[in-house]
Amino acid sequence: MSNVDELELDKFSQLAHKWWDKESEFKPLHEINPLRLGYIDDRAGLAGKTVLDVGCGGGILAESMALKGANVTGIDLAKKSLKVAQLHSLESGVSVDYRCVAVETLAEELPGHFDVVTCMEMLEHVPDPESVVRSCSRLVKPGGWVFFSTLNRNAKSYLLAVLAAEYVLGMLPRGTHEYGRFIKPSELGRIARHAGLELEDISGMSYNPLTRTYVLGNDTGVNYLIATRRPLA
Ligand code: SAH
């Protein structure tokens, strides 16, 4: 049984040509990218590391990590997105190894292979997020870092991430996010611990509508990042 929602993949495939358009539906991902990149690099030190980006899409985070000197592999199951990612990498000259493979399959192939695993804004699009977290845990070396980001589940995230972003402001296409799949930080923390990962930090990425910028901080109400590590032995 595969851990994929084909409708979700279709949504991303249809938008794939827009991955690198900073004014498109992917604008929020471009805007939060420097924050999450800094968050990851501050903790894991990306230069020279072997990194896996799970659900890499068009490669926004993957390329930026490669620019920091990491040796990055990006995986996704939306073929069109991977094509766009590959083309962009050729154009930018920032090399990333892109593969169309399920994280569960790669975990069988390369257990304990990566220094760092990142999985951003992806868990809320899959039927079984726990299986993704377990696979990420298997893929990382003992002592290595695993980072996740996703959407919290509460009235505020529903208002902002679904109603405002999709229906009022039209920032995202309707149906981009399914509220029932949002995950509370406490739930993700528990899932990570069950998968053998130690929780190091939870931080929020919040949007200030006045300055129209995102900031990293304590407000985990809508979008948040968690940093975890696989114990050394
Ligand atoms: N991580 C990227 C893209 C986030 S969008 C970023 O933050 O910039 C969510 C991505 O998850 C899409 O590229 C989508 O194709 C991918 N995705 C959804 N379900 C997936 C699955 N089951 N396996 C792998 N990737 C999946």
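Helices (H or I, at least four residues) and strands (E, at least two) are DSSP runs, numbered from the N terminus. The model shown in these views is predicted, so local features need pLDDT of at least 70 and side-chain atom pairs count only at pLDDT 80 or more, while totals for chains, interfaces and linings use all residues. Residues are numbered from 1 along each chain as its sequence is written, and side-chain values use heavy atoms, with hydrogens and water left out.

**View 1**

Look for Met120, where a polar backbone atom is 2.8 Å from a nitrogen atom of the ligand. At Asn3, a backbone N or O atom lies 3.1 Å from a ligand nitrogen atom. Gly57 places a backbone N or O atom 3.5 Å from an oxygen atom of the ligand. Taken alone, the ligand exposes 570 Å², and the protein buries 97% of that; accessible areas come from the Shrake-Rupley method with a 1.4 Å probe, and for residues only the protein chains shown count as cover.

**View 1. The open sheet.**
Eight strands form an open sheet with mixed pairing, in the order β3-β2-β1-β4-β5-β8-β6-β7. Two strands pair if DSSP finds at least two bridges between them. At the edges stand β3 (97-100) and β7 (213-217), each with a single partner strand, so one side of each is left without a neighbour in the sheet. From one strand to the next, the twist averages 20°; axes are lines fitted to C-alpha atoms, for helices over the stretch in contact, and angles run from 0 to 180 degrees between N-to-C directions.

**View 2. Strand β4 and its partners.**
All seven residues of β4 (114-120) are buried, where buried means under 20% relative accessible area, exposed over 50%, and partly exposed in between (1.4 Å probe, protein chains only). Strand β1 (residues 50-54) pairs with β4 in the parallel sense over three bridges, and Asp53 stands opposite Thr118 in β4. Six bridges join β4 to β5, and these strands also run parallel. Along this pairing, Val116 has Trp145 of β5 as its bridge partner, and Cys119 stands opposite Phe148 in β5.

**View 3. Strand β5 beside β8.**
Strand β5 (residues 140-151) runs antiparallel to β8 (residues 223-229), and seven bridges join the two. β5 is mostly covered, with ten of its twelve residues buried.

**View 4. Two loop residues with positive phi.**
Most residues other than glycine have a negative phi. Glu121, which is not a glycine, has a positive phi of about 55°. Glu121 lies in the loop between β4 and α6 (129-139) and is buried, with a relative accessible area of 13%. Arg212 also has a positive phi, near 55°, and its place is in the loop between β6 and β7. At 62% relative accessibility, Arg212 counts as exposed.

**View 5. Ala195 in its loop.**
Ala195 belongs to the loop between α8 (185-194) and β6 (198-208). Ala195 is buried, with a relative accessible area of 15%. Between Ala195 and Pro111 there are 84 residues in sequence and 14 Å in space, C-alpha to C-alpha.

Note on methods:
Polar contact = N/O pair within 3.5 Å; in protein donor to acceptor, adjacent residues only side chain to side chain.
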